[in-house]
Amino acid sequence: MLSDFTVFVLNIIGTVSFAISGALVSIKARLDLFGVVFLGIITAFGGGIMRDILLGFEIPNIFYQSYLVIIALVTSVAVFIILYINRNNLVKLDKKISYFNNFFDAIGLGAFTVMGTEIAFTSGVYENVLLSVTLGFLTAVGGGIIRDVLANTAPFVLKKHVYALVSILGAFIYYYMRIAGLSVTLASSVVIGLVFALRLFATRYEWTLPKIKYDKQI
Amino acid sequence: MLSDFTVFVLNIIGTVSFAISGALVSIKARLDLFGVVFLGIITAFGGGIMRDILLGFEIPNIFYQSYLVIIALVTSVAVFIILYINRNNLVKLDKKISYFNNFFDAIGLGAFTVMGTEIAFTSGVYENVLLSVTLGFLTAVGGGIIRDVLANTAPFVLKKHVYALVSILGAFIYYYMRIAGLSVTLASSVVIGLVFALRLFATRYEWTLPKIKYDKQI
Amino acid sequence: MLSDFTVFVLNIIGTVSFAISGALVSIKARLDLFGVVFLGIITAFGGGIMRDILLGFEIPNIFYQSYLVIIALVTSVAVFIILYINRNNLVKLDKKISYFNNFFDAIGLGAFTVMGTEIAFTSGVYENVLLSVTLGFLTAVGGGIIRDVLANTAPFVLKKHVYALVSILGAFIYYYMRIAGLSVTLASSVVIGLVFALRLFATRYEWTLPKIKYDKQI
């Protein structure tokens, strides 16, 4: 019961967070109201739909949770209105907006990593580690990838590498905590906190991975 | 019987229209013969394949309707040949070509919105409004999104916002006409006409939605 | 028995080849270690996952073959390390690297075209020519398309048109050799050799298809 309620709450937190982040990215990419709402919704649910297709579900879950779609829609519209009202002040507010974007994106990343990995347990494929971790990662990162491909910007996941690594790490830890018998509520609290902290540290201290300076393009 | 025939005709009209539009976009993006044919076919069937995957069909419908693939292939090749013959006159013909492109795209948009929404009824998921409308929208717009992503241009659906809105509106109206007991033939005639007219008006009068001028990129 | 072994060997050859090619493209696109490994894996398995989703498999095959994922991961990391060690010499080595990339990509193209078409026989949908050939083509070319879309470069498949045509031709020939009763080992040897040769000739002699010079962009 408690765990059902936890899942319900996490779904709403993840949806609102990703809708905010998707809407902010779309506004910065100068899309209009429709583009903002469309990409807000895609960012929130794209990963989950990819996950459900991968799992061979008849119809993706989200179509039976239309209240979540309405939440994402209202959230995106609200973000648009707030920025529209402050449209003459955006340069001054830019730092604050970036901070908000990172903050909510970090929460969404944690919540959806946990939710996606948990599906491996509720749908009975948890003996497969590779699949379980992929489900967590895809749920968390898939929506953002679709958003970036549609907005025609280089996918965030490839530029901000640590971002994806944090989600993969979180999915692994959540997976083994659940295998060890810990409850959804306990495991998800720990992992969401960890993903959130690592994600913000990575942005703040600009953690990077090795890279090769290659001068000739293909 | 009549309704089966209507579906058959709409499928052919939509396929030819979208293959023409896909081929024209590809030629303008300077792709070669293969690219033109490939994107002509993708534009025509990409949305339907995404819809069938979303519905959890074993094998997408199109693989049992290979005559449609041949129609799209022949149409794309024909468009290529006609423009190739007139290749020294294209600047002069450009306006006419754009007009043709908009015209056929508007027909295809209407036909595939209707066809996609109708699938909700034939496959028995019509109690789910959200899913039914998404099926119509995805069938109509999905092929164009894949085309734009592959041609590496900003997706049409995000720039020409009204485009997508018209399809969503059409899907809603078709859905409720069918729920109200109207026949496929009647409902589809009304909705195709409406989508066609709105799509052309939107292009002609350059209808736009509100947008925020955001000066700093992420 | 022999044929099972052939399939096993082809899978490993294709995986290693595409992981090498995916890693090289990512390094040239200046991605970091994570991006290189991520796109190496995606290039190797993206096509197969799309194929399995198209066929309506519950869970894509690759999740039951995690040794292949580990092979792709180790291969991508190895490519990164080798180029990192030689990072001050890359301009001088550029020609050699391009040659390697083409070489392995040509092997992978042949191996995965054959593997994908063979799935049509093992999963019993071989009466459908269109579907069988699409499965071979998609397995071979799908991973590269996803790689190019994510790396935000114009998809290889549309620029190097002959590339895709060679895979379609190979799938057709393999299909009819198998229908004619030839063994997997024989048919795959012939087709892989043919695809490999045509792919390299096409690059070397810069075979092209007709194209229309269109001056006005949409």
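pLDDT is the predictor's confidence in each residue, on a scale from 0 to 100. The structure is a predicted model, in which local features need pLDDT of at least 70, side-chain atom pairs count only at pLDDT 80 or more, and totals for chains, interfaces and linings use all residues. Residues are numbered from 1 along each chain as its sequence is written, chains are lettered from A and ligands numbered from 1 in the order in which they are written, and side-chain values use heavy atoms, with hydrogens and water left out.

The model has an ipTM of 0.83 and a pTM of 0.87. For chain A the mean pLDDT is 87. In that chain, 93% of residues reach 70 or more. Helices and strands are DSSP runs numbered from the N terminus (helices: H or I, at least four residues; strands: E, at least two). Among the elements of chain A, helix 3 (residues 66-85) has the highest mean pLDDT, 94. The lowest, 60, belongs to helix 6 (residues 156-159) of chain A. Where pLDDT is low, the predicted coordinates should not be read in detail.

The interface of chain B with chain A was examined next. Contact, defined as heavy atoms within 4.5 Å, involves 32 residues of chain B and 35 residues of chain A. Buried area is the accessible area (1.4 Å probe) that two parts lose on being put together, summed over both. Chain B and chain A bury about 3,000 Å² between them. Carbon and sulfur atoms account for 71% of that area. A salt bridge requires a side-chain nitrogen of Lys or Arg within 4 Å of a carboxyl oxygen of Asp or Glu. Between chain B and chain A the count of salt bridges is zero. A polar contact is a pair of N or O atoms within 3.5 Å; within protein, one must be able to donate a hydrogen and the other to accept it, and residues adjacent in sequence count only if both atoms are side-chain atoms. Two residue pairs are in polar contact across the interface of chain B and chain A, both at pLDDT 80 or more.

On the side of chain B that touches chain A, the elements giving two or more residues are helix 2 (33-54), helix 5 (129-150), helix 6 (156-159) and helix 7 (161-179) of chain B. Helix 5 of chain B gives the largest share, six residues. By residue class, this side holds 21 nonpolar, seven polar and four charged residues. Here Ala, Val, Leu, Ile, Met, Phe, Trp, Tyr, Cys and Pro count as nonpolar, Asp, Glu, Lys and Arg as charged, and the others, Gly among them, as polar.

Chain B also meets chain C. This contact takes 35 residues from chain B and 32 residues from chain C. The buried area is about 3,000 Å², with 71% from carbon and sulfur atoms. B:Arg30, B:Phe34 and B:Phe63 supply 25% of the area that chain B buries against chain C, more than any other three residues. The largest share, seven residues, comes from helix 2 of chain B. The side of chain B that touches chain C divides into 25 nonpolar, four polar and six charged residues.

Over all chains, the whole structure contains 15 salt bridges. In one of them, A:Asp105 and A:Arg199 meet at 3.0 Å, N to O. A:Asp105 lies in helix 4 (residues 90-122) of chain A and A:Arg199 in helix 8 (residues 184-204) of chain A, so the pair ties together parts 94 residues apart in sequence. Both A:Asp105 and A:Arg199 are buried, where buried means under 20% relative accessible area, exposed over 50% and partly exposed in between (1.4 Å probe, protein chains only).

In chain C, C:Arg199 forms a salt bridge with C:Asp105, with the closest N and O atoms 3.0 Å apart. C:Arg199 is in helix 8 (residues 184-204) of chain C and C:Asp105 in helix 4 (residues 90-122) of chain C, so this pair ties together parts 94 residues apart in sequence. C:Arg199 is buried at 4% relative accessibility. C:Asp105 is buried at 4%.

A further salt bridge joins the side chains of A:Asp148 and A:Arg147 (3.1 Å, N to O). A:Asp148 counts as buried because its relative accessibility is 4%. A:Arg147 is buried, with a relative accessible area of 5%.

A:Ser132 lies in helix 5 (residues 129-150) of chain A. Its relative accessible area is 0%, so A:Ser132 is buried. Leaving out residues up to four places away in sequence, A:Ser132 touches A:Thr117, A:Ala120, A:Val125, A:Tyr126 and A:Tyr175.
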